[in-house]
Amino acid sequence: MGGLLPLLRRGSVSTDAFLTATRGDFERMAAGLLAQYRRRGAKFALPTDVAEEDVANRMRLIALQSVGKWDPTRGVPLE
């Protein structure tokens, strides 16, 4: 994410700019996650209509929600 999460948290970068800059990151993570899931023969059946873009969009949403809820006093870095 190239250091964009702290900038997004401070408001130095817009949500649109963050999503544009990290599009490829989320797409790669989603593709890797799905490939790993399928390779390992997971215990739970993956619905056939799950697309990489659906997974990437869900990951984007979770990232945006997490940045807003991040608590620096917990000692865990944002990146």
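The model is predicted, so local features need pLDDT of at least 70 and side-chain atom pairs count only at pLDDT 80 or more, while totals for chains, interfaces and linings use all residues. Residues are numbered from 1 along each chain as its sequence is written, and side-chain values use heavy atoms, with hydrogens and water left out.

**Helix α3**

- Helix α3 runs over residues 23–39; helices (H or I, at least four residues) and strands (E, at least two) are DSSP runs numbered from the N terminus.
- The 17 residues of α3 should span 24 Å at 1.5 Å a residue, and the end C-alpha atoms are 24 Å apart, which agrees. The expected span is 1.5 Å times one less than the number of residues.
- Phe26, Ala30 and Leu34 are the buried residues of α3. Because these residues cover an arc of only 60° around the axis, they lie on the same side of α3; the arc is that of the directions from the helix axis to the C-beta atoms.
- Buried means under 20% relative accessible area, exposed over 50%, and partly exposed in between, with a 1.4 Å probe and protein chains only.
- Arg28 and Arg39 are exposed on the other side of α3.
- The cover over the buried residues of α3 includes α2 (15–21) and α4 (52–69), where contact means heavy atoms within 4.5 Å.

**Aromatic pair**

- Rings of Phe, Tyr and Trp (its six-membered ring) pair if their centres lie within 6.5 Å; planes under 30 degrees apart count as stacked, over 60 as edge-to-face and the rest as tilted.
- The count by this rule is one aromatic pair. Phe18 and Phe26 form this edge-to-face pair, with 6.3 Å centre to centre and 75° between the planes.
- Phe18 counts as buried because its relative accessibility is 0%, and Phe26 is buried with a relative accessible area of 2%.

**Salt bridges**

- The whole structure has five salt bridges, each a side-chain nitrogen of Lys or Arg within 4 Å of a carboxyl oxygen of Asp or Glu.
- Arg23 and Glu27 form one of them, with the closest N and O atoms 3.0 Å apart. Arg23 and Glu27 are four residues apart in helix α3, so about one helical turn separates them.
- Arg23 is partly exposed at 42% relative accessibility, and Glu27 is partly exposed with a relative accessible area of 30%.
- Glu53 and Arg23 form a salt bridge at 3.9 Å, N to O. Glu53 lies in helix α4 and Arg23 in helix α3, so this pair ties together parts that are 30 residues apart in sequence.
- Glu53 is partly exposed, with a relative accessible area of 30%.
- Arg60 and Glu27 form a salt bridge at 4.0 Å, N to O. Arg60 lies in helix α4 and Glu27 in helix α3, so this pair ties together parts that are 33 residues apart in sequence.
- Arg60 is buried, with a relative accessible area of 7%.

**Nonpolar core**

- A nonpolar core is a set of buried Ala, Val, Leu, Ile, Met, Phe, Trp, Tyr and Cys residues joined through side-chain atoms within 4.5 Å.
- The largest nonpolar core has 13 residues, of which Leu5, Leu8, Val13, Phe18 and Phe26 touch the most other members.
- At least two residues of this core come from each of α1 (4–10), α3 and α4. Helix α4 gives the most, with four residues.
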